Structure formats: C-alpha cells, structure tokens
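Please look through the structure below with its sequence alongside.

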Amino acid sequence: MSDDPSSTTTIPVAAGDEGPTRDVGVEPSASTGGAVRGATTAALDERVDALDGALAVGGTRFDPAVVVRVTATIDRVRERLALGVDHTVVALAGGTGSGKSSLFNAVSGLKFADVGVRRPTTSRVTACVWGSDGGPLLDWIGVEPEDRIERESLLDGDSEAGLRGLVLLDLPDHDSIAPEHREVVDRVLPQVDLLIWVVDPQKYADNALHAGYLRGMTGRDASMLLVLNQVDTVPPAVRGDLVQDVRRLLVEDGLPDVEIHEVSTVTGEGVAGLRDALADAVDRRSVAAVHADAEIADAARLVQSQTAAREPAPSALAIGVVVDRLSAAAGLTAVGDAVAAAVRGGAGTPPRLGEVHADGVGLARASWLSSVTQGLPQPWAADLRSRVATTAELRLAVTDALAHVPLAARRSRAAVVLLLLAAVAGVAGLVGAGLLLADGLGAAVPWLPATSVVAGLLGLAVLLLAASTVVRRRAARARGARVVADGRAAIESAARGRLLAPTQDVLAEHRHARELAARALGDS
C-alpha cells in the first residue's frame with residue numbers, strides 16, 4: 001500500500017469471494033444528510049465558543065481545577081469538530097486471543113488486519129474507512145498511512161452504503177505485556193465514538209478488562225457494544241448460560257444497558273447483525289455529535305457550578321439606604337439645620353461640615369456589600385468586595401463631594417428689604433406722632449387726618465416687620481433643605497461611582513458568564 005493516504009489503492013475482494021478487484025479510492029456519492037450534519041457541527045461549535053467565552057469572562061473567579069478540565073474539553077471537542085461529525089469512529093478493543101483482527105476483517109470484508117503471528121507484537125492501530133476524506137481524522141487519531149484503507153468502491157453499488165462514513169479501528173491488545181500497547185489503547189479510547197469490546201469465551205471475565213476499563217466507563221452504555229466472539233467453540237447447550245454470565249458481569253461493572261452480540265468469524269454467525277448495529281450508529285450520524293454534546297454539557301455544568309442561579313434582585317442595588325447612612329455619618333441634617341438657623345439669625349459666619357465619621361461609612365459599606373453579594377459564589381463576592389471602594393476611600397470620596405456643596409448663610413434679600421421698609425415706616429410714624437404731640441394741644445379735631453396717617457405708618461411698620469420675619473424663616477427653611485438636598489446629591493454621586501458602578505460591572509460579568517454557560521448547555 002502507498003504511504004500516501006489519499007492515493008487510490010486496488011485491493012482484492014474479501015476471502016471466499018469471486019470476482020474482479022475493487023478500486024477503493026473512488027469518492028462516494030453525496031448524502032442528503034450532509035447539510036444536517038453541517039448544521040449540527042455549527043451548533044456544537046457555537047456552544048463550544050460560548051463555553052470558551054464563559055471561561056474568559058469568569059477568569060480567576062472560576063476554580064482553577066474547573067478551568068483546566070473545561071479547557072481540556074474545549075480543546076478536545078474543537079479538535080474533533082474541526083473534522084466534522086460526518087465520520088463515526090468505531091474501535092475494536094479486546095485482549096490477546098479475543099479475535100479482534102479477525103472480526104475487523106469479517107466486518108470490512110477485507111483481509112487487511114494482521115491476524116496471528118505479527119499482530120500480538122505490534123502497537124499500531126489499523127483502520128478501515130467506508131468512503132473517503134478520512135485522512136485528517138486518521139491523522140488526528142494517530143493511524144499510520146500504511147495501516148489505513150478505504151473500503152467502498154463503485155463496484156460495491158449500494159451494498160456498503162449503510163456503513164458510509166464509518167471509520168473502523170483495530171486497536172492493539174489491551175492486556176499485552178508490552179506497555180506501549182496499553183498506552184496506545186488508552187490514548188485512542190477517549191477519541192472514539194462507539195467502542196466495541198471483543199471478548200472470547202475463555203477470558204471474558206478477565207479482571208484486566210473489567211477492573212482496568214469497564215468499571216471506569218459507567219454511564220457510557222449507549223456508546224458501547226460487547227461482542228462475545230468465537231461462539232462457534234461453545235456448545236449450544238451452554239451458550240445461553242455464558243451470555244447470562246457476561247450480562248451479570250456488565251451489570252456489576254455498572255453497564256447494564258450495553259448490547260451483547262454473539263459472533264463467530266469462522267462461521268459468519270452474528271457478523272451481519274453486528275454490521276446492522278454499526279449501520280444504525282452511522283445512520284444516526286449522531287454518535288460523534290452526541291459524544292461531543294455530552295462533553296460540552298458536562299463542561300457547561302461545571303461552569304454553571306461556578307456561578308449563582310441568578311444575580312441579586314434590582315432592589316438590592318437601590319442606593320437610597322446607603323445615601324441615608326452616609327448622610328448621617330456626615331451629619332448632613334445637622335449642618336442643614338445650622339444653615340437654617342444662621343439664615344434666620346443673620347449670622348455672618350456660615351456653618352461648616354464636620355468630619356465624616358469612619359464608623360458610619362464602614363457600616364454603610366458593609367450593609368451594601370451584604371445586600372449585593374447575597375447568593376453569589378465566594379470568589380465572585382470576594383472580587384466584588386475588592387472592586388468597590390474601601391471604607392477609607394469611600395470616606396474620602398464623600399468628604400470631597402461635600403466640599404463642593406455651598407453653605408452660604410446670608411440673610412434673605414427680600415427679608416432685608418422688608419425690614420428696611422418697616423424701619424422707614426416706623427420712623428416716619430414716630431416722627432409724625434411726635435409732631436402731633438407737640439402741635440396738637442387744644443386743637444385735636446383739625447388734626448384728625450394727620451393722626452390717621454401716623455397710625456397707618458406705624459401699622460405698616462408692624463406689618464412689614466412681621467412679613468420680614470416670615471420671609472426670613474421661609475428662606476431659612478429653604479436654604480437648610482437645599483443644603484441637605486445638595487449634600488445628598490453629592491453623596492449619592494460618590495456612592496454611585498465608588499459602590500454602585502463597580503458592583504454593576506461585576507454583576508454584569510457574572511450574568512454574562514452565567515448566560516454563556518446556559519447557552520453552552522443548550523438552554524438558550
């Protein structure tokens with residue numbers, strides 16, 4: 001055979017057949033299922049991308065062990081999906097003397113796999129591909145060019161169409177004394193889509209098989225078959241008991257649903273049924289996809305374990321309570337009252353904001369973190385705590401913000417004007433009254449209009465004085481309320497920038513990672 005895996009090779013027909021040679025390098029006809037399989041590969045690629053994106057978003061907030069496992073899954077699945085899911089890889093695995101190579105030849109209808117003397121001494125994998133374009137896949141698996149062959153040809157007609165897309169591997173004996181044989185088996189097994197364990201009536205209970213392999217594959221029933229080979233050597237009367245004993249061992253291994261096929265490569269018994277089982281696997285075209293789907297889903301569930309089911313409710317991010325506590329720590333209400341009092345009393349020196357109490361700031365910060373980290377995994381909560389302002393930073397931010405709040409305590413201009421008018425009216429009234437008292441003795445009646453004027457001026461002065469007081473008090477209340485409102489706005493701005501914004505960033509990243517994991521799982 002040529003070392004070039006893409007070359008066209010002419011091989012003889014299967015043993016016992018009569019007829020011309022077969023050209024196995026002919027491109028098989030296209031399948032209408034290709035578009036569907038292409039869509040499946042694309043969908044799986046999108047889920048892998050989502051998984052990769054979740055790792056990127058989660059970063060150090062994911063358990064390193066989980067990251068390592070998921071990364072390995074991503075690399076493995078991407079490598080497999082790069083080859084598409086058009087091929088279904090089936091591997092024959094078994095111990096020395098089980099007849100794997102004979103079964104390989106019987107299923108393929110070719111004498112290609114080495115049987116007998118040379119085979120137990122080689123650690124090479126033999127492959128038969130139904131169809132073409134299997135070269136990249138076999139390169140990935142590690143099959144040497146001289147150990148691979150293409151099975152289907154135009155001379156087959158549709159007789160092999162049911163297996164088109166099948167890649168059949170004959171693995172080295174897993175129980176060989178040569179360690180490199182087991183190394184090859186262990187390397188290839190995770191890469192196959194359907195695993196066929198071939199056992200013989202003498203060594204089907206071999207502990208190397210059950211303890212070394214089968215018991216570690218619990219849950220993979222649907223992607224495994226067991227072939228009880230060489231049944232022609234078993235008396236018909238005891239064959240049923242033999243099969244039952246094999247079934248018992250599988251149940252003990254945790255694989256109760258693995259199908260058992262009784263086969264004889266000598267008589268041909270069971271070979272057709274095994275080929276039908278392979279055709280069913282190939283026809284579904286979902287063996288490779290299901291395997292990739294399961295790996296992606298398992299990895300997605302690992303990623304989901306690193307996030308909470310949801311983020312804190314929107315009410316937990318309400319900033320009002322924090323502003324209340326920071327305002328209390330700054331004594332904002334007292335400052336507002338002082339400004340109001342200064343406006344009412346006309347103090348020349350405006351009040352000053354006192355020191356922002358660190359204990360109050362710490363309490364406000366702790367209350368905020370307790371609310372927004374509720375239910376978050378510890379690494380996410382720790383990251384959130386590290387990204388919001390510390391107590392000292394938050395205290396400084398509040399102090400700086402309040403430094404820009406105006407605290408002017410000047411009197412109301414309207415109140416001052418009213419007070420001046422009252423003074424003018426009062427002085428005028430008093431002057432008029434003095435004149436009346438000086439000039440009006442004995443002539444009261446002629447001076448009656450002047451008396452009314454004086455009384456009016458004095459009354460006006462009283463009214464203006466009362467109005468000035470009312471206006472001054474209203475201005476005091478408004479100025480004090482304005483100081484409190486401006487202070488709260490400044491404190492809220494500081495709290496939003498130093499607490500709310502970094503919290504929203506972390507929660508948005510958490511949501512993104514969670515949604516990507518759900519997409520990778522196939523939930524969206």
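Strand β3 (residues 88-94) runs parallel to β6, and five bridges join the two. Strands here are DSSP runs of E with at least two residues, helices are runs of H or I with at least four residues, and both are numbered from the N terminus. Two strands count as paired if DSSP finds at least two bridges between them.

The model is predicted: local features need pLDDT of at least 70 and side-chain atom pairs count only at pLDDT 80 or more, while totals for chains, interfaces and linings use all residues. Residues are numbered from 1 along each chain as its sequence is written, and side-chain values use heavy atoms, with hydrogens and water left out.

Buried means under 20% relative accessible area, exposed means over 50%, and partly exposed lies in between, with a 1.4 Å probe and protein chains only. In a regular strand the side chains alternate between the two faces of the sheet. Both faces of β6 are covered, with L166, L168 and D170 buried on one side and V167 and L169 buried on the other.

Back in strand β3 is A93, which is buried with a relative accessible area of 1%. Leaving aside neighbours within four places in sequence, A93 is in contact with K100, L171, L195, I196, W197 and V198; contact means heavy atoms within 4.5 Å. A93 and P172 are 79 residues apart along the chain, and their C-alpha atoms are separated by 7.3 Å.

K100, one of the contacts of A93, forms a salt bridge with D173, the closest N and O atoms being 3.2 Å apart. A salt bridge is a side-chain nitrogen of Lys or Arg within 4 Å of a carboxyl oxygen of Asp or Glu. K100 belongs to helix α3 (residues 100-108) and D173 to the loop between β6 and α5 (179-188), so the pair ties together parts that are 73 residues apart in sequence. Both partners are buried: D173 has 7% relative accessibility and K100 has a relative accessible area of 3%.

Which side chain of opposite charge is nearest to D200? D200 lies in the loop between β7 (194-199) and α6 (207-210). D200 is buried yet has no salt bridge, and the nearest side chain of opposite charge, K203, is 5.1 Å away. In this count Lys and Arg are positive and Asp and Glu negative, with His and the chain ends not counted. The side chain of D200 does reach the backbone nitrogen of K203, at 3.0 Å. Apart from neighbours within four places in sequence, D200 is in contact with G97, S98, L228, N229 and Q230.

After α10 comes G331, whose phi is positive, near 65 degrees.

A salt bridge joins D324 to R488, with the closest N and O atoms 2.8 Å apart. D324 lies in helix α10 and R488 in helix α16, so the pair ties together parts that are 164 residues apart in sequence. R488 is partly exposed at a relative accessible area of 30%, and D324 is partly exposed at 41%. The side chains of R511 and E311 also meet in a salt bridge (3.5 Å, N to O). R511 lies in helix α16 (residues 448-521) and E311 in the loop between α9 (287-304) and α10, 200 residues apart. R511 is partly exposed, with a relative accessible area of 35%, whereas E311 is buried at 11%. Elsewhere, salt bridges link R61, D383, R387 and E509 in a network.

For the chain as a whole, there are 16 helices and nine strands, and the structure holds 26 salt bridges. Buried residues make up 46% of the 524 residues.

Note on methods:
A polar contact is a pair of N or O atoms within 3.5 Å; within protein, one must be able to donate a hydrogen and the other to accept it, and residues adjacent in sequence count only if both atoms are side-chain atoms.
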